[in-house]
Amino acid sequence: MAVLIIASHDRPDWWLRELEQRDPALDVRIWPDIGDPADITYVLAWKPPPGALASLPNLAIVFSLGAGVDHLFTDPDFPAHVAVVRVVDPYLTAGMREYVLLHTLRYHKNQPALDQQQRDHVWDDRARELRRADEQGVGILGLGELGQACGNALVGLNFDVAGWSRSPKDLPGITCFDGRGGLDALLGRSRILICLLPLTPETDGILNANLFSKLPKGAFLINAARGGHMVEEDLIPALESGRLAHATLDVFREEPLPGDHPFWDHSQITVTPHNAAITDPRSVVIQILEDIGRHQRGEALSNQVDTGLGY
Ligand code: NDP
Ligand code: OXD
């Protein structure tokens with residue numbers, strides 16, 4: 001029984017160090033030096049090369065090194081019989097909550113316009129539209145682990161929070177919508193829209209011109225989920241027509257964002273380098289080792305993904 005780390009974009013040495021400290025007896029290998037592929041039972045993976053997982057005949061569990069698992073399912077040879085476990089971790093959740101609060105408050109206080117005024121040496125306090133938090137409609141696409149944590153924090157600051165999920169929910173303080181039929185109602189009340197959906201065939205390209213047209217004019221967008229949610233060609237026209245006022249983007253169809261991409265220099269776009277919430281190996285390795293123990297005892301795993309739904 002050996003554990004393989006496939007994390008070329010994600011500092012495999014961090015994961016190795018944590019695994020070795022917690023369980024010195026563990027046989028840990030780092031891709032591509034895997035030895036005999038038949039030895040590998042568990043893989044810790046972030047964006048594994050296509051076909052890598054299918055080449056391991058005794059693989060039982062893939063641990064995604066992030067909350068999202070879309071990076072696994074883009075592999076056409078992903079072995080369907082293998083269990084997938086994703087990250088659900090209080091430190092990751094806290095990171096996303098901080099990111100969402102930072103950028104929501106920035107929009108609430110109209111900071112992008114004030115930054116422009118400073119660059120132009122303009123003192124105009126009327127430019128700050130006075131709106132109370134409870135008059136600010138904030139909509140969250142995705143009411144899972146991260147969406148609910150962000151929603152609760154925004155409710156705590158008195159925002160008028162609504163959210164959207166696949167299945168119906170009843171959450172204190174949050175107006176809940178679900179299914180395709182519930183989406184337009186959420187959009188119509190969301191002056192600040194936050195995307196925290198998983199990327200699946202159903203949500204691919206959901207942030208597009210049609211969706212933007214259903215938001216209040218001059219709405220703000222925060223996409224901290226996946227670049228694949230956005231139809232990138234639709235964003236700049238929506239900003240330049242005034243349909244959207246500003247977009248904060250942590251994720252992109254191509255990462256790193258190419259140096260000549262128009263988003264870098266657009267005054268109505270804030271770019272962050274996919275670091276809204278970072279997986280912390282110090283806590284996540286503990287969970288992985290617990291799940292390996294559960295698997296060896298024949299017990300149910302924690303945070304196992306529904307591979308049929310893709311999240
Ligand atoms: P969860 O699986 O806990 O929640 C997903 C939510 O999306 C659920 O509420 C689910 O509905 C809803 N949903 C899924 N499909 C649909 C659909 N077709 N229509 C409507 N709602 C849908 O995921 P997390 O909250 O843990 O993470 C969300 C995403 O955030 C990750 O998949 C990842 O892509 C991204 N992420 C980004 C990070 C970053 O640094 N930028 C860091 C971590 C995560 P239901 O409740 O009914 O199942
Ligand atoms: C994740 C991410 O899915 O960091 O955890 O994007």
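Q: Let's start with ligand 2. Which residues surround it?
A: This is a predicted model, to begin with. In it, ligand 2 is surrounded by Trp46, Gly66, Ala67, Gly68, Arg226, His274 and Ala277.

Q: How does that shell split by class?
A: The shell around ligand 2 has 3 nonpolar, 3 polar and 1 charged residues.

Q: What lies 2.6 Å from an oxygen atom of ligand 2?
A: A polar side-chain atom of His274 does.

Q: And on the backbone side, how far is Ala67 from an oxygen atom of ligand 2?
A: A backbone N or O atom of Ala67 sits 2.7 Å from an oxygen atom of ligand 2. Gly68 has a contact too: one of its polar backbone atoms is 2.8 Å from a ligand 2 oxygen.

Q: How much of ligand 2 does the protein cover?
A: On its own, ligand 2 has 210 Å² of accessible area, and the protein covers 84% of that.

Q: Switching to ligand 1. How many residues are around it?
A: There are 28 residues around ligand 1. Those that come nearest are Arg86, Ser167, Lys169, Asp250 and Tyr311.

Q: What classes are they?
A: The shell around ligand 1 has 14 nonpolar, 7 polar and 7 charged residues.

Q: Which side chain has an N or O atom 2.5 Å from a ligand 1 oxygen?
A: That is Tyr311. For Lys169, a side-chain N or O atom is 2.7 Å from an oxygen atom of ligand 1. Arg166 uses its backbone: a polar atom there is 3.0 Å from a nitrogen atom of ligand 1.

Q: How does strand 6 run beside it, parallel or antiparallel?
A: Strand 6 (residues 137-141) and strand 7 run parallel, joined by 5 bridges.

Q: What is the bridge partner of Gly139 in strand 7?
A: Gly139 has Ala162 as its bridge partner there.

Note on methods. Residues are numbered from 1 along each chain as its sequence is written. Chains are lettered from A and ligands numbered from 1 in the order in which they are written. This is a predicted model: local features need pLDDT of at least 70, side-chain atom pairs count only at pLDDT 80 or more; totals for chains, interfaces and linings use all residues. Side-chain values use heavy atoms; hydrogens and water are left out. A residue is near a molecule or strand if one of its heavy atoms lies within 4 Å of it. A polar contact is a pair of N or O atoms within 3.5 Å; within protein, one must be able to donate a hydrogen and the other to accept it, and residues adjacent in sequence count only if both atoms are side-chain atoms. Accessible areas come from the Shrake-Rupley method with a 1.4 Å probe; for residues, only the protein chains shown count as cover. Ala, Val, Leu, Ile, Met, Phe, Trp, Tyr, Cys and Pro count as nonpolar, Asp, Glu, Lys and Arg as charged, and the others, Gly among them, as polar. Two strands pair if DSSP finds at least two bridges between them. Helices (H or I, at least four residues) and strands (E, at least two) are DSSP runs, numbered from the N terminus.
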